[in-house]
Amino acid sequence: MPVMNSAYNGRQPNEFKVLTELEGIPNSRSLEVYKKHGGYAALEKILKGKMSQEEVINIVKASGLRGRGGAGFPTGMKWGFVPKGEGEKYLITNFDEGEPGTYKDRYIAELNAHMLIEGKLIAAYAIGASKSYIYLRGEFYDEIAWCEQAIKEAYAAGYLGDNVMGTGFKHHMDVYIGAGAYICGEETGLISSLEGKKGQPKLKPPFPAVKGYLGKPTIVNNVETLAVVPWIIRNGAEAYKKFGTEKSAGTKLFNISGPVVRPGCYELPLGYPLKRFIYEDCGGLIGGKKLKAVIPGGASAPVLTAAEVETMTMDYEAFAAAGSMLGSGAVIVIPEDVSMVEVLENLMHFFKDESCGQCTPCREGTGWLLKMSRGILQGEGQPGDEKKIAEVAGKMMGRTICTFSDAAAGPARSIPQKFAHEFLEYYKKKSSAHGQG
Amino acid sequence: MASFFSTQLNEQIKGFLGRYETKRSSILPILHAIQDENDWISPEAVQALEAEHGLSVIDVNEVLSFYTMYRKAPPKPYRLEVCGSISCWLNGADKTISEAKQYIAQAEKSGKPIPFECHKVECLGVCGYAPVALVNKDRHLNVTPELARKLMDEYSKKELPAAAKKCAADLAARAAHK
């Protein structure tokens, strides 16, 4: 059980700045400002201090850092899966931020993309990669420009190239721009896209760490995961573990959306109380409306009721225990006057649109879910439809190449289950409209 | 034989062809570059990529048909793309989209058309400032129906983007050729 419920009482969110240290500082995106705040010191410590790859991986393992893209896999362990020895290896940053509700990775680039570049250099050193990419979604025009600019500066300053900081370490970095496909945020779909193909996921195993980009060992890490690595190296694993809970260590960027008074991207320690976040940090709902539900980790995360929010803490374990997930830390707030059947229809539209079409349960299932939820909205529903939706969703789980299908099934199971009474109202409307009982 | 692409675009294409580990990886960036110059990707451009740069039509079409950002038909000079995913929808995106479409249709009807088309798109990744919209490559936040109208008015007064002009000229030349 998470025990941090009361631990943060009386403390302000600005006491938890790891990734957001440069927030509010003029010209924060410049290399100069980054260096003034300890930038590239971690890389120097590793390269000039001749730390071994193993040592770097061990620090990250000890920090308890878990993937911040959604899956929450331990980062150091992932790096450790890359085969040792010679041979080409790749590191790819997943900057295909597209999970509805999520806008944290772009915030890192807005603050300073050098955090990401230094983190990438450290990860590349740890796994022995001499080439890396930042895969950005195509609609992120500003973010692409910020990353390109930072890469250019890093080359000019000697942090990238054939002889990084004169230490003999070689690393080259480039950006790669997607073209509008949510599925490219799935790591093997991203690799397919980087190879110049449809962004369709590949069956695992083999995992990318063994056989990834062009068949070579490849690590795909989220922006936030990599950007926090320099801080961990500079300050040590223990310092990072002072934030968060025992199993969910560190801070996390939480992005809140929906009708709240102060939306935005907040850095908070994992284990922070969700209710406090919504009402105190974000000022509650606009117009003082009552809360109906929260989608806690992006569109793929099963929904929580207002009652569940009361005692919820924001960490991997607490969300999982409630049958949902921390995901990307995208907290989507749904007020009392919004119909959950409409929410379901909107989410299913997204998943139907973004299914890559490779596996039948997903391609067909997302279409069925959209049709059924739309039918109910249009007065064509009948009692039991909400159960049928949950049943179809249940059959889409664990039967496909990637977890997209499971992600679509999450809300399609949780909404009919937790808000069945709202479906009944639609069925009633239909019968009264037709003048029959 | 003259190239289908402009000199500048050909240089860009060559740059991308040598930039990645495999030639095939250059397809996505090349298509972006073609679209940036011409506003869309015509079947002739795909043919020319094979004839002039050795990228097979089937590989290029695989990419072209899968990714939604590539335009396979000539568009209007400005695209107002409003996000309709959950966070933007919760903050009124549907109203922005329907009123923007109405505004465009009314202008058309009154005989004073504006150079705009409006689409609902999926999550644009800036969900805290919903509804979010793009006008071509410019991002706009908190796009209420009023702001959408204002944006359309403002852009309509500007000089058309170079890609839109080239697109129109190419289409006129093609019509004359027929």
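Start by selecting strand 9 (residues 291-295) and strand 10 of chain A, which pair in the antiparallel sense over two bridges. Keep in mind as you look around that this is a predicted model. To see one of the links between these two strands, click on A:Ala293: its bridge partner in strand 10 of chain A is A:Thr305.

**Widen the view to the sheet**

In chain A, five strands make up an open sheet with mixed pairing, and their order is 7-6-12-9-10. Which are the edge strands? Look for strand 7 and strand 10 (304-305) of chain A, since each of them pairs on one side only.

**Move to a pair of helices**

Next, select residues 385-395 of chain A, which are helix 17, together with residues 404-418, which are helix 18. The axes of these two helices of chain A come within 8 Å and cross at roughly 150°. An angle over 145 degrees counts as roughly antiparallel, so helix 17 of chain A is roughly antiparallel to helix 18 of chain A. Their crossing is left-handed.

Which residues make the contact? Show the side chains and you can find them:

- From helix 17 of chain A: A:Glu386, A:Lys387, A:Ile389, A:Ala390, A:Ala393 and A:Gly394.
- From helix 18 of chain A: A:Ala409, A:Ala412, A:Arg413, A:Pro416 and A:Gln417.

Select chain B, and you will have eight helices and four strands on the screen. Following the sequence, trace the pattern α-α-α-α-β-α-α-β-β-β-α-α in chain B. The C-alpha atoms of chain B fill a box of roughly 50 × 40 × 25 Å along the principal axes. Of the 178 residues in chain B, 36% are buried. If you take the contacts in chain B between residues at least 6 apart in sequence, 65% join residues at least 24 apart.

**Finish where the chains meet**

Finally, show both chains together. Here 42 residues of chain A are in contact with 34 residues of chain B. On the chain A side, the elements that give two or more residues are helix 7 (141-156), strand 6 (251-257), strand 7 (264-269), strand 12 (330-335) and helix 15 (340-354). Which element of chain A gives the largest share of this side? Select helix 15 of chain A, which supplies five residues. By class, the side of chain A that touches chain B has 20 nonpolar, twelve polar and ten charged residues.

How values were computed:
Residues are numbered from 1 along each chain as its sequence is written. Chains are lettered from A and ligands numbered from 1 in the order in which they are written. This is a predicted model: local features need pLDDT of at least 70, side-chain atom pairs count only at pLDDT 80 or more; totals for chains, interfaces and linings use all residues. Axes are lines fitted to C-alpha atoms, for helices over the stretch in contact, and angles run from 0 to 180 degrees between N-to-C directions. Angles under 35 degrees count as roughly parallel, over 145 as roughly antiparallel, 65 to 115 as roughly perpendicular and the rest as oblique. A crossing is left-handed if the near helix is turned anticlockwise from the far one by less than a right angle, and right-handed if clockwise. Two residues are in contact if their C-beta atoms, placed from the backbone, lie within 7 Å. A residue is buried if 20 or more other C-beta atoms lie within 10 Å of its own, exposed if 12 or fewer, and partly exposed in between; C-beta atoms are placed from the backbone. Ala, Val, Leu, Ile, Met, Phe, Trp, Tyr, Cys and Pro count as nonpolar, Asp, Glu, Lys and Arg as charged, and the others, Gly among them, as polar. Two strands pair if DSSP finds at least two bridges between them.
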